[in-house]
Amino acid sequence: MTVVYSVLFMAILGIGAGVFLAFVSAKFAVKKDPRITLIEASLPGVNCGACGFPGCSAFAKAIAEGKAPLDGCVPGKRSGVPEKLKLIMETDVDKLTALFEEAEEDAEKTLEKLIATSGREVKAAPPKPKRPTQEEIESYRDKLKENPRATVVFAVLPNINCGVCGSPGCAAFALKVAGKEENADKCVPGKRQNVPEKVAKIMELSQSEIQKIIEDTSGEPAEIKKKFES
């Protein structure tokens, strides 16, 4: 019987300790700062790199730490992203946390509540750009072989297939630009790389000059790009 009582005592002690630890854990838990999550939810989410950081998550973290400018998201400038980031950063963390918990940690719903309670006018975000499938990317890259000028244009683009321009990938966009159906300014991530200026030079070249570039570089994008770096 002594053994039975000992086992029961240890079992009760274990359950009690578990309940106590769970209570202490919940009572004194450090609440997570939701700013990074809310900032990332405010961004277009295309990971284009135009901000200078490797993706939207890294940019969101830098904003939260005060290491990046609020207007650093180039694709988001026209959709009210800087205004949303300013609102998030100016709001007390405790209030953000309360709203985040009320919304069951749903970032989109939290942002809606935050904007509604702030009394500020913030632009509604447009639909997020759709990234092309690998099949679409390969399909348009094959078409570049038949279009030397588009091949050269493609070489100076960021080649990240972010979809911000509205085309299914950089190859598709290059074909449209070479055919004068699109303007190079629509390549938002490329603006900091002077893509519009480089494309303007390409469009001024004669067909024989384009062909010579293709022959000199064997059509390799990296080699073509070097010719327009200076």
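Trainee: At 34% relative accessibility, what does G49 count as?
Mentor: This is a predicted model, in which local features need pLDDT of at least 70, side-chain atom pairs count only at pLDDT 80 or more, and totals for chains, interfaces and linings use all residues. Residues are numbered from 1 along each chain as its sequence is written, and side-chain values use heavy atoms, without hydrogens and water. Buried means under 20% relative accessible area, exposed over 50%, and partly exposed in between (1.4 Å probe, protein chains only). With its 34%, G49 counts as partly exposed.

Trainee: How far apart are the C-alpha atoms of G49 and G190?
Mentor: G49 sits in the loop between α2 and α3 (56-64). Along the chain, G49 and G190 are 141 residues apart. Their C-alpha atoms are separated by 9.6 Å.

Trainee: How many helices and strands does the chain have?
Mentor: Helices (H or I, at least four residues) and strands (E, at least two) are DSSP runs, numbered from the N terminus. The totals are 12 helices and 0 strands.

Trainee: Is R35 buried or exposed?
Mentor: R35 lies in helix α2. Contact means heavy atoms within 4.5 Å, and, leaving aside neighbours within four places in sequence, R35 is in contact with I88, M89, V93 and L96. Because its relative accessible area is 19%, R35 is buried.

Trainee: How is α2 oriented to α4?
Mentor: The axes (lines fitted to C-alpha atoms, for helices over the stretch in contact, with angles from 0 to 180 degrees between N-to-C directions) of α2 (residues 35-42) and α4 (residues 81-90) come within 9 Å and cross at roughly 170 degrees. Angles under 35 degrees count as roughly parallel, over 145 as roughly antiparallel, 65 to 115 as roughly perpendicular and the rest as oblique. That makes α2, relative to α4, roughly antiparallel.

Trainee: How do the residues of the contact of α2 with α4 divide?
Mentor: R35, L38, I39 and S42 of α2 meet V81, K84, L85, I88 and M89 of α4. Ala, Val, Leu, Ile, Met, Phe, Trp, Tyr, Cys and Pro count as nonpolar, Asp, Glu, Lys and Arg as charged, and the others, Gly among them, as polar. The contact residues divide into 6 nonpolar, 1 polar and 2 charged.

Trainee: How are α7 and α9 placed to each other?
Mentor: In α7 (residues 134-144), Y140, R141, K143 and L144 meet A171, A172, A174 and L175 in α9. The two axes come within 7 Å and cross at roughly 40 degrees. Therefore α7 and α9 are, to each other, oblique.

Trainee: Within what arc do the buried residues of α5 fall?
Mentor: L96, T97, L99 and F100 are buried in α5 (residues 93-102). They line one face of the helix, because, seen down the axis, they fall within a limited arc, one of 165 degrees.

Trainee: Which exposed residues does the face of α5 turned away from its buried side carry?
Mentor: The buried residues of α5 pack against α2, α4 and α6 (107-118). The face turned away from that buried side carries D94 and E102.

Trainee: Which helices do the buried residues of α10 pack against?
Mentor: In α10 (residues 195-204), V195, P196, K198, V199 and I202 are buried. Seen down the axis, these residues fall within an arc of 160 degrees, so they line one face of α10. They pack against α8 (148-156), α9 (170-178) and α11 (207-217).

Technical notes. The arc is that of the directions from the helix axis to the C-beta atoms.
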